[in-house]
Amino acid sequence: MAEFKKVNDIKELASLASSIWHEYWTCILTPEQIDYMVENFQSEKAIKNQIENENYTYYFIIKDGAKAGYFGISDKKEYLFLSKLYIKKEYRHQGLGKKAFEKIKELANDKPIRLTVNKYNTNTINAYKKWGFEIIDAVVTDIGSGFVMDDYIMGT
């Protein structure tokens, strides 16, 4: 059984994000890009800015009392943007992603859901397809310091 708890402790979330990102992305991104992206998108400062200025809400994914992962959403006018959905390695393949997505659908309140996903993140793309997402577009976004995000835009 999974629980979802709205994040109040940004420092704890940033620490969890950093550990998951440094474990998960090593097969797709360089260590330098991972460090850069964590600092710019998942550090305490970045998360605080997203919550205060970009209409983001973050939730911890809790299993058996432990923080197993997290997700972040931003409510846009026409859709709910699923910005982040990450689960710690030891909790993957236990249905937590699906349970988190069910919670996200509930929070979307019948709005369509959109997300971006790295084009080389095949397992995640396949999971999103199982959950009813389709590839809408492909984008390459310059995120600074010589790094880009090479993503698909997916939606329900």
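Is the crossing of helix 1 and helix 3 left-handed or right-handed? Before you look, note that this is a predicted model, where local features need pLDDT of at least 70, side-chain atom pairs count only at pLDDT 80 or more, and totals for chains, interfaces and linings use all residues. Numbering starts from 1 along each chain as its sequence is written, and side-chain values use heavy atoms, leaving out hydrogens and water.

Select helix 1 (10-24) and helix 3 (44-53). The crossing is right-handed (the near helix is turned clockwise from the far one by less than a right angle). Helices here are DSSP runs of H or I with at least four residues, strands are E runs of at least two, and both are numbered from the N terminus. The two axes come within 9 Å and cross at roughly 120° (lines fitted to C-alpha atoms, for helices over the stretch in contact, with angles from 0 to 180 degrees between N-to-C directions).

Now show side chains: I10, K11, L13 and A14 in helix 1 meet E44, I47, K48 and I51 in helix 3.

Seven strands form an open, mixed sheet in the order 1-2-3-4-5-7-6 (pairing takes at least two DSSP bridges). Its edges are strand 1 (2-6) and strand 6 (134-144).

Zoom in on strand 5 (113-118) and strand 7 (147-155), antiparallel over five bridges; L115 has M154 as its bridge partner.

Definitions and conventions
Contact means heavy atoms within 4.5 Å.
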